[in-house]
Structures are given as C-alpha cells and as structure tokens.
Amino acid sequence: MNDGNPITETDDPVDPLDELLVAYLDGELSPTEAEGVERKLATSEEVRRRLHQLESSAEMLVSYLPRAAPTQAFTQLTVTLAAQVAEQELTQELKQEQLRRGGWWLGGALLAAGSLGIGYYATWNYLQAPNEQLKRDLPVIRHFDEYRTADSVEFLRKLHAEGLFGEEIEDAL
Amino acid sequence: MLQVRDGNATAFEELVLRYQARLLAVLEHLVGNRETAEDLAQEVFLRVFRARHTYEPGARFATWLFTIANNAASNARRSKSRRKEVGAPAPAPNETSALSLDQIALASSGAMPTRVADKSEAADVVRQAMESLGERQKMALLLSRFEGMSYQDIATTMQLSIPAVKSLLSRARVNLRDLLTPYMEHGQRPDGNLTVPADEGADLS
C-alpha cells in the first residue's frame with residue numbers, strides 16, 4: 001500500500017510474471033510468448049487474477065482519469081503566438097538579407113580598394129624598373145671601356161676564376 | 001504537417017485543433033496542473049512551428065510531438081526544482097487542479113457540503129494514484145494508455161531503449177494495480193481511507 005509518498009523510479013525489479021502479463025496486455029509479445037502466457041492463464045487461477053487486476057486498473061485509468069477539453073481561447077492564443085513567431089522570423093530574415101546585402105557592398109568596396117592598391121603598387125614598380133636596371137648595370141657601365149678590350153666572354157670568365165677581378169667587376173658579372 | 005512546413009497558415013490551426021486535446025490530456029496529468037499544462041502545450045506547439053522546416057515526412061507526427069512534449073515537461077520540472085532549491089515559495093494548494101490527499105479524504109468523509117459523486121470519487125482516486133507514480137512511469141503510462149503508443153514509439157518519444165520502456169511500463173502498471181485494486185475490491189483509497197466500495201458505487205469492472 002502506498003502511503004501517499006511518490007513512488008520512485010528506482011523501485012525493486014518487477015516480478016517477471018507481471019512484466020510478461022503487462023506486455024501480453026499491451027500486445028507486445030511474440031506469438032510464441034503469447035501462447036506461453038495463455039497456457040499459464042489456462043492452468044493457473046493466480047495468473048488469471050493478476051491479469052484481471054492489471055487489466056482492470058488500466059481500464060480504470062482510461063475510464064476515470066479526467067480529460068478536460070481545450071478551450072477556444074487556448075487554440076486562438078496558440079495560433080496567434082505562432083503568427084507572431086512567423087512575423088519575427090520574417091523580420092529576422094529581412095534583417096539577415098539586409099546584412100547580406102551590406103556584406104556584399106562592404107566586400108565589393110574592399111575588393112575595389114585592394115585592386116586599387118595592388119594596381120598602384122604594380123604601376124609604381126613598373127615605373128621604377130628602368131632605374132633599378134640602371135642601378136644594377138652601373139658597375140658594367142663604369143668599366144664599359146675596359147670590357148670592350150676583352151675579346152671574348154670565355155676569357156673574362158677565366159680571369160674571374162683566377163680571382164683577378166675586383167668587387168665591382170664581380171658584381172657586374 | 002507537410003502543409004505547415006510549406007508555409008500554409010491555416011494548416012497550423014488545423015494541426016492545433018487536431019492534437020491539442022491529446023497533448024493537453026497527457027501534459028495535465030504529467031504536471032498535475034491545468035494552467036501549467038496549457039503553457040507547456042503552447043510551448044510545444046510553438047516549438048513544432050519553429051522546427052517545421054526540419055520535419056521529415058517519414059517520422060510519425062504524434063511521436064515527434066510527444067518527444068517535444070516530453071522534453072518540454074522535463075525542462076519545466078528541472079526549472080521547478082531549481083526554483084525550489086533557491087527557496088522560491090511553493091505554489092499554494094489551490095493553484096493545482098489536482099486535489100491534495102487531505103482534500104480527497106475530506107471530500108470522501110462527507111464533511112464537504114456536497115459529497116463527491118461516485119464517478120467523481122473514482123476519478124479522484126485514479127488521479128491520486130497517478131500522482132503517486134514517478135514522472136517517467138507517468139509519461140510512459142499516459143503514452144501507452146491515452147495515446148495507444150507501441151513500446152517502440154514510447155522508446156523513441158522518451159529516448160529510452162525498448163527493454164527500458166518494457167520495464168518502466170510494467171513497474172508503472174504494477175504500482176497502479178497495487179494502488180487501485182484495494183479501492184476496486186474493498187473501497188479502500190490509496191491514502192488508506194475507506195470509502196464506498198466500488199461495487200456499490202461506480203461500475204469499475
């Protein structure tokens with residue numbers, strides 16, 4: 001007998017026969033298992049009594065547990081709340097769309113600024129290129145007359161291999 | 001549900017109309033309070049509405065609905081426990097639709113101006129027995145008896161294995177039998193009070 005305190009979820013294990021009878025009443029047994037239960041029912045008054053009690057208490061639950069009908073106000077309020085949710089979703093979507101568009105604009109502007117920067121740098125480099133070439137060629141230009149006296153590049157390489165050139169000439173080579 | 005998913009506004013109203021009574025019945029007995037049950041049911045419907053784009057046609061809608069209901073009820077219970085832990089005052093007895101043991105005893109003793117009718121008394125006894133069960137036993141029992149769900153569907157709804165559901169349900173049914181049989185056979189209520197025997201009052205067989 002329950003003394004009014006809630007029954008906990010960790011009660012002792014249920015008698016296997018009761019578990020079997022409940023599953024039988026719920027139609028959750030295989031045909032073989034159901035036949036086994038029916039054999040027990042046919043031969044045991046105790047099993048029949050237990051089955052009847054389980055069945056009656058479940059029927060009492062379905063028959064007597066009150067089920068109040070929902071009010072119209074409940075339905076209306078639920079539908080109204082859903083409409084508000086739909087509106088919020090729409091507003092949110094519009095905001096996201098605006099953010100997406102804003103993002104595209106920002107991305108486009110950054111891309112344009114980046115392209116401009118790269119273009120400027122490339123142009124500046126291109127314009128600086130002749131001067132850089134002249135700077136690199138300066139040692140050769142300085143000794144241009146001496147180089148003209150050499151007959152062949154092969155001869156100059158031999159001189160270089162023997163370490164006869166100064167730093168400036170080596171740079172030029 | 002597919003029409004709701006595709007943005008049909010009236011389909012959602014039809015869905016609410018079709019399932020609200022079933023959902024409220026389960027939630028009311030699960031939380032033991034009509035007002036809380038209505039709030040939870042609304043929350044469940046709104047969750048369904050918000051998640052409509054993720055609904056898969058293969059899933060049985062009732063199973064999906066009661067899975068959300070089970071989660072919502074669990075969250076509500078946890079929130080309630082936390083509120084209790086921080087010392088919030090417990091709801092006054094008249095805030096719950098379910099009668100307390102004292103009220104039921106008073107009603108059956110004849111001290112109330114109008115003694116409850118036999119049918120009403122039986123309903124009180126059943127409600128009292130239900131309230132004595134653990135939350136998961138109650139949920140499994142309600143899904144099984146009110147919704148006619150199979151063990152497989154209950155397992156999906158409550159995120160349990162089938163053997164766990166089998167064990168939970170058999171424990172719930174045995175507890176219910178132990179609580180109700182004395183009343184059915186001898187008119188003895190779950191709180192220990194004797195009352196009109198069932199065979200002299202409501203027909204319980």
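## Met158(B) and its surroundings

Leaving out residues up to four places away in sequence, Met158(B) touches Asn70(B), Arg136(B), Met139(B), Ala140(B) and Val165(B), where two residues are in contact if their C-beta atoms, placed from the backbone, lie within 7 Å. This is a predicted model, in which local features need pLDDT of at least 70 and side-chain atom pairs count only at pLDDT 80 or more, while totals for chains, interfaces and linings use all residues. Residues are numbered from 1 along each chain as its sequence is written, and chains are lettered from A and ligands numbered from 1 in the order in which they are written.

Met158(B) belongs to helix α8 (residues 151-158) of chain B; helices (H or I, at least four residues) and strands (E, at least two) are DSSP runs, numbered from the N terminus. Because 21 C-beta neighbours lie inside 10 Å, Met158(B) counts as buried; a residue is buried if 20 or more other C-beta atoms lie within 10 Å of its own, exposed if 12 or fewer, and partly exposed in between, with C-beta atoms placed from the backbone. Between Met158(B) and Ala140(B) there are 18 residues of separation in sequence, and their C-alpha atoms are 7.9 Å apart in space.

Gln159(B) is part of the loop between α8 and α9 (162-186) of chain B. Gln159(B) counts as exposed because it has 11 C-beta neighbours inside 10 Å. Although it is not a glycine, Gln159(B) has a positive phi of about 55°. Most residues other than glycine have a negative phi.

## The two chains

Chain A contains seven helices and zero strands, and of its 173 residues, 12% count as buried. Chain B contains nine helices and zero strands, and buried residues make up 40% of its 205 residues. Among contacts with a separation of 6 or more, residues 24 or more positions apart account for 53% in chain A and for 61% in chain B.

Helix α6 (residues 153-161) of chain A is hardly covered, for the count of buried residues among its nine residues is zero. Just after α6(A) comes Gly163(A), which takes a positive phi of about 75°.

## The nonpolar core

The largest nonpolar core has 61 residues, and those with the most contacts inside it are Leu23(B), Leu27(B), Val126(B) and Ala140(B); such a core is a set of buried Ala, Val, Leu, Ile, Met, Phe, Trp, Tyr and Cys residues joined through C-beta atoms within 7 Å. Helix α2 (residues 9-31) of chain B gives the largest share of this core, 11 residues. In soluble globular proteins, nonpolar side chains tend to be buried together.

Apart from its neighbours within four places in sequence, Leu27(B) is in contact with Ala37(B), Leu40(B), Ala41(B), Ala69(B) and Ala73(B).

## Where chain A touches chain B

In the contact between the chains, 38 residues of chain A meet 51 residues of chain B. The elements that give two or more residues to the chain A side are α1 (16-25), α3 (45-64) and α4 (72-142) of chain A, and the largest share, nine residues, comes from α3(A). By class, this side of chain A has 23 nonpolar, eight polar and seven charged residues; Ala, Val, Leu, Ile, Met, Phe, Trp, Tyr, Cys and Pro count as nonpolar, Asp, Glu, Lys and Arg as charged, and the others, Gly among them, as polar.

## Helix pairs across the interface

The axes of α3(A) and helix α6 (residues 118-132) of chain B come within 9 Å and cross at roughly 115°; axes are lines fitted to C-alpha atoms, for helices over the stretch in contact, and angles run from 0 to 180 degrees between N-to-C directions. The two helices α3(A) and α6(B) are therefore roughly perpendicular to each other, as angles under 35 degrees count as roughly parallel, over 145 as roughly antiparallel, 65 to 115 as roughly perpendicular and the rest as oblique. In this pair, Met60(A), Leu61(A) and Tyr64(A) in α3(A) meet Ala122(B), Ala123(B) and Val126(B) in α6(B), and the residues of the contact divide into six nonpolar, no polar and no charged.

The axes of α4(A) and helix α3 (residues 34-50) of chain B come within 10 Å and cross at roughly 35°. Residues of α4(A), including Phe74(A), Leu77(A) and Leu81(A), and residues of α3(B), including Glu38(B), Phe45(B) and Arg50(B), take part in this contact, which by class has eight nonpolar, two polar and two charged residues.
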